Amino acid sequence: MVETATALRTVAHNVRAARIRAGLSLEELSRRAQVSKGALVGLEKAQGNPNLATLVRLADTLGISVSALMQGPPQGRVRVVTADAVAPLWTGERGSEARLMLTTSGPAPVEVWRWQLEPGEEYPSHPHQAGVVETVSVTSGRMTLLVDGTEHTLEAGQTATFDGDTSHTYRGSGTETCHLIMTVHLPPGPAPTN
């Protein structure tokens, strides 16, 4: 429980700081991200339990990565993250899950996700901001990737990439659990001011 409270305080601080940097009021961020003002007020007070869809909408609207909302200050030149050290940001009813392992630094960050999809379970993602590119690499099992209404079957050893600014869904298919690594390539953000 302490870990959850600490993580929520970090998200609260990072959302508020990013909102202020972007020059957005709570009302304007609420409107643009399609998140209720009450939920934003609660989040900035480290209250509530934001889901993955809410975090993605806020990050997209603020022009930053999801992990930029979740991570504290950098801890050195090399960062090693194990899957069990990162709580799932999404869990499905059948045991599927998505874990944001880390985000690279720099002007065009890349999020690295580890997914587990159970057969028949799916995660629909809303379109991201323009310029986002996703790559899905299946390491075991089989999945169906739906992009803009078209299905693509991916099996172990196959990788697909697509523009993330359209509707897309990840679905476990076949008879066994599908494991995959997903990267989200974010467009370059504004240049830092000195």
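Which residue in E2 does Trp90 stand opposite? In this predicted model, Trp90 stands opposite Ala98 in E2.

- Six strands form an open sheet in the order E1-E2-E3-E10-E5-E8, and their pairing is antiparallel.
- Strand E1 (90-91) and strand E8 (159-163) are at the edges; each has a single partner strand, so one side of each lacks a neighbour in the sheet.
- The pairing of E1 with strand E2 (residues 97-103) is antiparallel and runs over 2 bridges.
- In general, the strands of a sheet pair through backbone hydrogen bonds, in either a parallel or an antiparallel manner.

**Helix H1 and Asn14**
- Asn14 is part of helix H1, which covers residues 2-21.
- Asn14 counts as buried because its relative accessibility is 14%, and the cut-off for buried is under 20%.
- Apart from neighbours within four places in sequence, Asn14 is in contact with Ala68, Leu69, Met70 and Gln71.
- Between the C-alpha atoms of Asn14 and Trp115 there is a separation of 25 Å, and these two residues are 101 residues apart along the chain.

- Helix H2 (residues 26-33) has Leu26, Leu29, Ser30 and Ala33 as its buried residues.
- Viewed down the axis of H2, these buried residues fall within an arc of 100 degrees, and they therefore line one face of the helix.

Technical notes:
Residues numbered from 1 in each chain as written. Predicted model: local features only at pLDDT ≥ 70, side-chain atom pairs only at ≥ 80, totals over all residues. Heavy atoms only, no water. Helix = DSSP H or I, 4+ residues; strand = E, 2+ residues; numbered from the N terminus. Buried < 20%, exposed > 50% of the residue type's maximum accessible area, 1.4 Å probe, protein only. Contact = heavy atoms within 4.5 Å. Arc of directions from axis to C-beta. Pairing = 2+ DSSP bridges.
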